Amino acid sequence: MTTGQLVQWVSDHQFDRQRCRHSSDGIDTVLHCHHYASLYCQLADDADHFNGRDLLKRASEMSFCEVLSKYFAKHGVTDLAERVALAEEYWSACGFGKLKFDHVGELSAAAHMDHSHVDEGWIKKWGQREKPVNFIGQGYLAAAMAAVYGLPVGSYTVYETQSIVAGADASRFSLVRA
């Protein structure tokens, strides 16, 4: 019989009433609904003149890499499988959907989302479309892999190969070491 340790994201969530700010483990955190997330993904998608999609991916990557890396260090999480499981759980804890890594390696990885807060919000607001919209998720996956392996931001390139917003049953991602 195989036994394992339950991996669970435990956060020190605080709300500063004077500043009207949420923080998680000492890092300011923004909590918002799928309508808002879909809206700023649409704004990023429309911003062709300054590559808004890549800016949103990069902002997501930078923010989440800091959160995950600090969490791993603070809680002494060194086991690769635990780091991956915590990265999956944190995505859900933030309310962004259900993320699962299909395989993880230092040079490449694959993941899927059976539920995507951004995709599902987009569909409710504007309907389906052919191109992916989960720029936040792409940034998060790059951040997760960098944090899992203790690498800097920018270490992974993420490709969304299938998308819920385009009619797929799940959004699928391929990650490659940059």
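Predicted model: local features only at pLDDT ≥ 70, side-chain atom pairs only at ≥ 80, totals over all residues.
Student: How many disulfides does the structure hold, and what makes a disulfide?

Tutor: A search of the whole structure finds zero disulfides. The term stands for a pair of cysteine sulfur atoms within 2.5 Å. Residues are numbered from 1 along each chain as its sequence is written, and side-chain values use heavy atoms, with hydrogens and water left out.

Student: Why do C41 and C65 count as buried?

Tutor: We set each value against the cut-offs: buried is under 20% relative accessible area, exposed is over 50%, and partly exposed is in between (1.4 Å probe, protein chains only). C41 has 0% relative accessibility, so C41 is buried. C65 has 6%, which is also under the limit, so C65 is buried as well. Across the protein chain, buried residues make up 40% of the 178 residues.

Student: Which helices and strands does the protein chain have?

Tutor: There are five helices and seven strands. Helices (H or I, at least four residues) and strands (E, at least two) are DSSP runs, numbered from the N terminus. Read in that direction, the order is β-β-β-α-α-α-β-β-α-α-β-β.

Student: Why is the pair of F64 and F96 called edge-to-face?

Tutor: A pair of aromatic rings is described by the distance of the centres and the angle of the planes. Rings of Phe, Tyr and Trp (its six-membered ring) pair if their centres lie within 6.5 Å; planes under 30 degrees apart are stacked, over 60 edge-to-face, and the rest tilted. The centres of F64 and F96 are 6.1 Å apart and the planes stand at 85°, so the pair is edge-to-face. F64 belongs to helix α2 (residues 52-74) and F96 to the loop between α3 (80-93) and β4 (97-104), so the pair ties together parts that are 32 residues apart in sequence. Both F64 and F96 are buried.

Student: What makes F64 and Y140 a pair?

Tutor: Their ring centres lie 4.8 Å apart and their planes are at 80°, so this pair is edge-to-face too. Y140 sits in helix α5 (residues 135-149), so its pair with F64 of helix α2 ties together parts 76 residues apart in sequence. The structure holds seven aromatic pairs, and F64, Y90, W91, F96 and Y140 form one aromatic cluster.

Student: How do you know that R53 and D48 form a salt bridge?

Tutor: Side chains of opposite charge can pair when their charged atoms come close. The term asks for a side-chain nitrogen of Lys or Arg within 4 Å of a carboxyl oxygen of Asp or Glu. In R53 and D48 the closest N and O atoms are 3.1 Å apart, so the pair meets the cut-off. R53 has 23% relative accessibility and therefore counts as partly exposed, while D48 is exposed because its relative accessible area is 54%.

Student: Where are the partners R177 and E106?

Tutor: R177 and E106 meet in a salt bridge at 3.4 Å, N to O. The pair links distant parts of the chain: R177 in strand β7 (residues 171-177) and E106 in the loop between β4 and β5 (108-116), 71 residues apart. R177 is partly exposed at 31%, and so is E106 at 39%.

Student: What about R172 and D169?

Tutor: Their closest N and O atoms are 3.8 Å apart, which also makes a salt bridge. R172 is partly exposed at 29%, whereas D169 is exposed at 62%. Elsewhere, salt bridges that share partners join D45, D48, R53 and R129 into one network. The whole structure has eight salt bridges.

Student: What makes the charge of K125 sit over the ring of W126?

Tutor: The rule is that NZ of Lys or CZ of Arg lies within 6 Å of the ring centre and within 35 degrees of the ring normal. The charged end of K125 is 5.5 Å from the centre of the W126 ring.
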